[in-house]
Amino acid sequence: MKRLLIAALAVAVSLAGGVALAADSAFLQLLRPKMGQVKAKAAYSGMFWSEVDVQGSSTSFAMNKQELSAMTPLMQDDGQELALWLDADVRNVDSDLFLPEVNRTFPDELWDLNLALSYRRKLGQNWIGGVRGSFGSASDKPFNSADELTYNAMGFARRELDKQNALLFFLFYSSTMDFLPGVPYPGVAWQYTAADRSLDLTIGLPMLMATYRPVDPLKLSVAYYPLRNVFGEAAWSFTKQWSTFGRFTWTYQDYLLADRPRDENRLFYYEKRAVIGVGFKPLPGANIELSGGRAFDRLMFQGQNHGDEDQNRIELDDGWLVHLVGSMRF
């Protein structure tokens, strides 16, 4: 059976085109089979990039990102859950880089502010259904007007087949996807949990998430979400408090600049990161991570979607980064 599980994971990874997305806590919470066990959480993330040159230019570019997030259940029992999510992050930029579309230098600050509600409910003996909706603003001038607002929504249903298998059905909508923004699209997936908890696998369209524990201290995680959200991690726990990890992330962020001449255009930032780090759990429910490594394949452009990547294209040199994360569950 173990060989079969390893083969299934290998097939899943190959189908996703490689190792795959950082497991989004909000998304994973919606997929949980049990109800009424949501715990409040608060987290801080600080990421600091070294100063690098802008390719083909005499300009340099330095940046750091500060993020605060919180989640709390508003109502929960063994039949339903309602939770509130808050997230705020800001990128502080130091650069004289010129943006031709808006005819000015790069903004000193880029904000991404979001508020979300999620609701899950048992629909029958083997069914759970839910929705999650969020709105916010990702801009150098957040909430400057309706043109700087962002919207995301997801509806889902989970059909439990047995204690180890389930089918998942989704409907996604996002105004900020890097492909087909503002167009709803469906999804379906198979969820599997090994009896000994050595493998958790969710595979389908349009996502892959897998966690494999070949031996007790080692955990391997991969995730993918279209089109350019990829995550892979190998973590080793020395004790119940201390761990180390290696992590790869391919991700992007987009912003609606307040003075852009075309409302449909966004400022995109793509980046790949490879880091190693340590984790420490000083208290039950508390976690601290410190990691460092390289940021590479760093690309910015202004356009409607990734197909416009050669429009006002800006490439940054590879650089070093340090990432500090602290979180607490209550």
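**A guided look at the labels**

Guide: Let us begin with D297, which sits in strand 17 (residues 286-303). Please keep in mind that this is a predicted model.

Visitor: Why is D297 called partly exposed?

Guide: Its relative accessible area is 47%. Buried means under 20% and exposed means over 50%, so with 47% D297 is partly exposed.

Visitor: What is the phi of D297?

Guide: The phi of D297 is near 50°, a positive value in a residue other than glycine. Most residues other than glycine have a negative phi. N103 also has a positive phi, of about 60°, although it is not a glycine.

Visitor: Where is N103, and is it buried or exposed?

Guide: N103 is found in the loop between strand 4 (98-99) and strand 5 (104-105). Its relative accessible area is 59%, and exposed means over 50%, so N103 is exposed.

Visitor: How do you know whether K163 is buried or exposed?

Guide: The cut-off for exposed is over 50%, and K163 has a relative accessible area of 84%, so K163 is exposed. K163 is in the loop between strand 8 (149-160) and strand 9 (165-174).

Visitor: What about D108, buried or exposed?

Guide: D108 has a relative accessible area of 57%, so by the cut-off of over 50% D108 is exposed. D108 is found in the loop between strand 5 and strand 6 (109-122). Leaving aside neighbours within four places in sequence, D108 is in contact with R91, N92 and V93.

Visitor: What makes E289 and R247 a salt bridge?

Guide: The closest N and O atoms of E289 and R247 are 3.3 Å apart. A salt bridge needs a side-chain nitrogen of Lys or Arg within 4 Å of a carboxyl oxygen of Asp or Glu, so this pair counts as one. The pair links distant parts of the chain, with E289 in strand 17 and R247 in strand 15 (residues 242-255), 42 residues apart. E289 is buried, and so is R247.

Visitor: How do you know whether E271 and R298 are buried or exposed?

Guide: Buried means under 20%. E271 has a relative accessible area of 1%, so E271 is buried; R298 has 2% relative accessibility, so R298 is buried. E271 also forms a salt bridge with R298, the closest N and O atoms being 3.4 Å apart. This pair joins strand 16 to strand 17, 27 residues apart.

Visitor: Why does D89 have no salt bridge?

Guide: The nearest side chain of opposite charge, K65, is 4.2 Å away.

Visitor: How many salt bridges does a search of the whole structure find?

Guide: The search finds 17 salt bridges. E309, D310, R313 and E315 are linked in a network of them. Within it, the closest N and O atoms of R313 and E315 are 3.0 Å apart.

Visitor: Which residues line the largest cavity?

Guide: The lining is made of F61, M63, R91, F106, L110, Y255, L267, Y269 and M300. By class, eight are nonpolar, none is polar and one is charged. Arg counts as charged, so R91 is the charged residue there. About 50 Å³ of space lies in this cavity.

Notes. Residues numbered from 1 in each chain as written. Predicted model: local features only at pLDDT ≥ 70, side-chain atom pairs only at ≥ 80, totals over all residues. Heavy atoms only, no water. 1 Å grid on protein atoms, 1.4 Å probe; cavity = no way out; pocket = protein on both sides within 12 Å on 5 of 7 lines; lining within 4 Å. Points joined across faces, edges and corners; volume = space filled by probe spheres on them. Helix = DSSP H or I, 4+ residues; strand = E, 2+ residues; numbered from the N terminus. Buried < 20%, exposed > 50% of the residue type's maximum accessible area, 1.4 Å probe, protein only. Lys, Arg positive; Asp, Glu negative; His and termini not counted. Contact = heavy atoms within 4.5 Å.
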